[in-house]
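Thanks for coming, everyone. I'll keep this short, and I'd like you to look at the picture while I talk.

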Amino acid sequence: MSRLRTRLAGGVAGLLALLAVADPALAHGGAVASSRRTVTVPTWLVLMTGGAAVGASFLLATFVTDRAMVRAVDGWRRLAPGPGRLARGAAKAVGVLGLVAVLAVAAVGPTENNAAVLFVWVGWWAGYTMTTYLVGNSWPGVNPWRTLAGLLPTLDESYPDRLGSWPAVLALLALIWVETVSPITDDPRPLAAVVVAYTLATLAGATVYGADTWFRRADPMARVFRYYGAVAPVQRTGDGLSLRLPGGALSELRVGDDSEVAFVVALLWATTFDGFVSTGVWADIAGTVRAAGVPLAPVYLAVLAGGFGLFLGGYRLSSRVARRTGDTYLSTATVARRFAPSLLAIAAGYHLAHYLSFLLSLAPAIVVLAATPLSTPPQVPVLPLPVWFDLVGMTAILLGHVLAIWVAHATAYDLFPGRLQAVRSQYPFIAVMVFYTMTSLWLLAQPEVTTP
Amino acid sequence: MSERDAAAEDVPGRSEQEATAATAGPTHVGTGPGPLEGGFDPPASADVFECGYCGRPFAEEDLLALHRGHAHSDQLSEPEQAAFEAAYETETGEMRRFQLKAAGLVVLLYFLLLMVYALV
Ligand SMILES: [Zn+2]
């Protein structure tokens with residue numbers, strides 16, 4: 001027991017060492033962020049430092065070769081009682097009332113500065129999503145569509161297995177597309193229409209295939225929160241809650257088939273795409289395209305689909321290369337499935353980086369608008385954020401990657417009997433992670449512009 | 001603690017983990033017992049070393065020996081045990097050399113960045 005403790009202490013020291021390596025990068029990133037307008041340190045150097053920090057984290061992780069310790073870290077848990085009946089009932093009520101309130105305010109509230117619009121995008125899509133990976137996934141308890149579906153009869157048709165989770169992948173990409181091309185991010189009426197459409201489709205699906213099957217397989221939102229929730233420290237178990245180390249539960253997330261791998265990649269791509277279409281580079285491209293008389297909606301769709309294909313193809317290719325560098329006969333599909341959970345840590349880190357300043361700066365606006373949902377206040381308060389706040393986003397990106405490196409390391413040790421083999425199998429994934437770190441740091445460093 | 005001790009202690013730690021793993025999900029395809037789930041795809045032309053206990057294919061004899069030692073430690077015959085220990089010993093040496101290079105690379109990265117920051 002004391003030996004295990006020494007090992008755990010060693011592991012913690014190792015993790016701290018990883019952070020220490022990441023640290024100089026952060027300090028420099030901060031310098032850059034605070035002087036971005038006067039440009040003393042160029043962006044390429046921030047990217048290089050970020051990439052180097054991720055690469056160094058991988059090299060340091062290779063010093064952890066003790067299988068028992070790797071498992072002990074991921075297996076660490078403390079049990080706590082689950083929420084009682086009252087709490088579960090309250091969560092359901094909050095969910096359903098929230099949905100009704102959003103629909104009502106979006107339908108009849110003011111068209112400018114509508115509280116429902118702010119609540120959906122800032123409160124829910126940015127803020128609530130953060131709680132699912134920072135704390136734990138409470139969506140199965142809150143999900144108003146699940147509660148409503150429970151009131152409806154069910155036909156219990158058997159779900160067509162060959163569809164896998166592709167409906168969820170398509171639905172997620174479709175929602176992202178609608179979000180970027182339609183005015184639903186500031187106009188409440190179309191937002192209400194989209195929410196009604198989603199409600200009808202979801203309730204119809206749950207009625208035909210049964211609520212459990214529908215929310216487990218086809219519903220995109222339930223899966224988004226389930227996957228993000230696997231990164232979180234609080235996990236639901238059969239008999240209550242268990243407290244884990246962040247990312248510890250990722251080793252137990254079963255990504256069952258190609259369509260589920262595609263969903264993980266789509267989740268990562270969704271936030272990246274959202275970041276990309278608000279850069280100046282994209283504004284220039286979109287401006288040119290529009291000047292040429294091409295409608296923008298299909299162009300957005302093409303970029304969304306093309307980028308997703310590129311991400312998925314890149315990940316598949318890495319898995320194929322990993323099969324060779326890892327000298328294993330595991331199939332490419334198996335390698336892709338087993339390493340997919342590590343991408344979720346990256347997706348969570350990038351989500352936090354992308355949305356935290358958005359959430360904090362608009363948080364006072366939500367409070368003010370929620371107090372008077374049906375009238376337009378003369379002024380909407382916005383919290384000004386200090387310039388150094390960019391540093392928090394960069395930290396989130398790097399921490400997501402460091403966590404992903406640890407998860408990939410643990411996965412490789414779980415998959416492969418050889419220690420060196422486990423290290424080598426990660427080469428392509430690490431290369432991709434270094435590249436993605438630099439991409440996301442670049443996206444974060446771009447000043448946000450309003451695109452056509 | 002030496003790597004040898006770590007390997008010896010690996011066994012109880014693992015079986016405990018696997019008791020929870022059976023319900024929780026990880027399959028331990030490479031090292032421990034778990035469903036095969038058709039996850040292998042050995043090339044037709046290459047050498048395949050198959051585990052006599054569970055049928056998993058490996059690309060090298062040493063990897064098979066390591067797999068047997070990690071996954072079927074309580075069933076090994078004398079020669080299999082000896083093969084595991086030999087393979088583990090060899091691998092420990094390789095791992096040490098790799099870690100030496102990794103440490104060198106980290107230091108190199110660090111100083112390269114320091115120099116770049118000094119120049120920019
Ligand atoms: Zn075997």
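One caution before the details. This is a predicted model.

Let's begin with chain A as a whole. It has 18 helices and 3 strands. Its C-alpha atoms fill a box of roughly 60 × 60 × 40 Å along the principal axes.

Now, what is inside? Of the 452 residues in chain A, 53% are buried. Look at the contacts too. Take those between residues at least 6 apart in sequence: 82% of them join residues at least 24 apart. And the outside? The accessible surface of chain A is about 18,800 Å², with 69% of that belonging to carbon and sulfur atoms.

Next, find helix H3 of chain A. How many of its residues are buried? The count is 9 of 9, so this helix is mostly covered. Among the buried ones are Arg67(A), Met69(A), Val73(A) and Asp74(A).

Is Asp66(A) buried or exposed? Its relative accessible area is 16%, and buried means under 20%, so Asp66(A) is buried. What does its side chain reach? At the start of H3(A), a side-chain oxygen of Asp66(A) comes to within 3.0 Å of the backbone nitrogen of Ala68(A).

On to charges. Side chains of opposite charge can pair when their charged atoms come close. Over all chains, the count comes to 8 salt bridges. I'll show you three of them.

Start with Arg223(A) and Glu260(A). Their closest N and O atoms are 3.3 Å apart. Arg223(A) sits in helix H11 (residues 220–229) and Glu260(A) in helix H12 (residues 258–276), so the pair ties together parts 37 residues apart in sequence. Both Arg223(A) and Glu260(A) are buried.

Then there is Arg244(A) with Glu252(A). Their side chains meet in a salt bridge at 3.1 Å, N to O. Arg244(A) has 3% relative accessibility, so it counts as buried.

Asp414(A) is buried, at 8% relative accessible area. Arg338(A) is buried as well, at 15%.

Which residues form a network? Salt bridges that share partners join Arg77(A), Arg244(A) and Glu252(A) into one.

Last stop, chain B. Here we look at the surface. Leu105(B), Leu108(B), Leu112(B) and Met115(B) make a nonpolar patch of about 390 Å². Met115(B) belongs to helix H3 (residues 78–119) of chain B. Is Met115(B) buried or exposed? At 51% relative accessibility, it counts as exposed. Keep one general point about helices in mind as you look. An α-helix has 3.6 residues a turn, so residues three or four places apart point the same way.

That's my tour. Questions, please.

How values were computed. Residues numbered from 1 in each chain as written. Chains lettered and ligands numbered in written order. Predicted model: local features only at pLDDT ≥ 70, side-chain atom pairs only at ≥ 80, totals over all residues. Heavy atoms only, no water. Patch = residues over 30% accessible without salt bridge, like charges linked within 9 Å, V, L, I, M, F, W, Y side chains within 5 Å. Areas by Shrake-Rupley, 256 points an atom, 1.4 Å probe, with all protein chains shown as cover. Salt bridge = Lys/Arg side-chain N within 4 Å of Asp/Glu carboxyl O. Helix = DSSP H or I, 4+ residues; strand = E, 2+ residues; numbered from the N terminus. Buried < 20%, exposed > 50% of the residue type's maximum accessible area, 1.4 Å probe, protein only. Contact = heavy atoms within 4.5 Å. Polar contact = N/O pair within 3.5 Å; in protein donor to acceptor, adjacent residues only side chain to side chain.
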